[in-house]
Amino acid sequence: MSLNRAAFAAVVGLASLCGLPATAQMGPPKLDQNGDGRILYAEYRSANVERTLDMLDADKNGQVSRKEFDKVAGMARTFGGARAAAAMDQWWRATDVNGDGAMSRGEMEANTRRRFDAADSDRDGVLTKTEVAAMRERQRAASGN
């Protein structure tokens, strides 16, 4: 796969991961990996943390540097405009909590856990289609879309 094609694929996947406006998305990640209608944290984590590392961690050191992130953020700005750029910047700030210029696996997992717990409105440890729809609606509203 060419670099431009790989970068575009990364933007598509990350658009849905970080709640970019619907116009910047080409499809959500597959959260319900086993198709049972319920999303366990392990499925959510895999779709968010592992997919992000697979797409962005070019040197495969287990974290995403700002340089690696900016390659995809630039594509998001190109394809998604100002709202996409703002969402990418917000995602970086929410994830790189220690400000060291890299999103570590641990930071990604912590951010993913926070989002999962916020979406799990009935606190049963499982996300339903209704809870995921509500989460995505909140993301759209927050992005101004």
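The side chains of R45 and E109 meet in a salt bridge, with N and O 2.5 Å apart; the term stands for a side-chain nitrogen of Lys or Arg within 4 Å of a carboxyl oxygen of Asp or Glu. This pair links distant parts of the chain, since R45 sits in helix α2 and E109 in helix α4 (residues 105-119), 64 residues apart.

A word on the model: it is predicted, so local features need pLDDT of at least 70 and side-chain atom pairs count only at pLDDT 80 or more, while totals for chains, interfaces and linings use all residues. Residues are numbered from 1 along each chain as its sequence is written, and side-chain values use heavy atoms, leaving out hydrogens and water.

Back to the charges. R45, E50, R105 and E109 are linked in a network of salt bridges, and the count for the model comes to seven salt bridges.

| Pair | N to O distance |
|---|---|
| R45 and E109 | 2.5 Å |
| E50 and R45 | 2.9 Å |
| R105 and E50 | 2.7 Å |

R105 lies in helix α4 and E50 in helix α2, so this pair ties together parts 55 residues apart in sequence. How exposed are these residues? Buried means under 20% relative accessible area, exposed over 50%, and partly exposed in between (1.4 Å probe, protein chains only). E50 is partly exposed at 21%, as are R45 at 22%, E109 at 23% and R105 at 32%.

Now for the overall layout. The protein chain has five helices and four strands, which run α-β-α-β-α-β-α-β-α from the N terminus. These elements are DSSP runs numbered from the N terminus: helices are H or I with at least four residues, strands E with at least two. Buried residues make up 43% of the 145 residues.

In soluble globular proteins, nonpolar side chains tend to be buried together. A nonpolar core here is a set of buried Ala, Val, Leu, Ile, Met, Phe, Trp, Tyr and Cys residues joined through side-chain atoms within 4.5 Å. The largest one has 14 residues, of which L56, V64, F69, M88, W91, M103 and M108 touch the most other members. Leaving aside residues up to four places away in sequence, F69 touches L56, V64, M88, W91, W92 and M103, where touching means heavy atoms within 4.5 Å. Apart from this core lies another, of 10 residues, among them L31, I39, F116 and A119.
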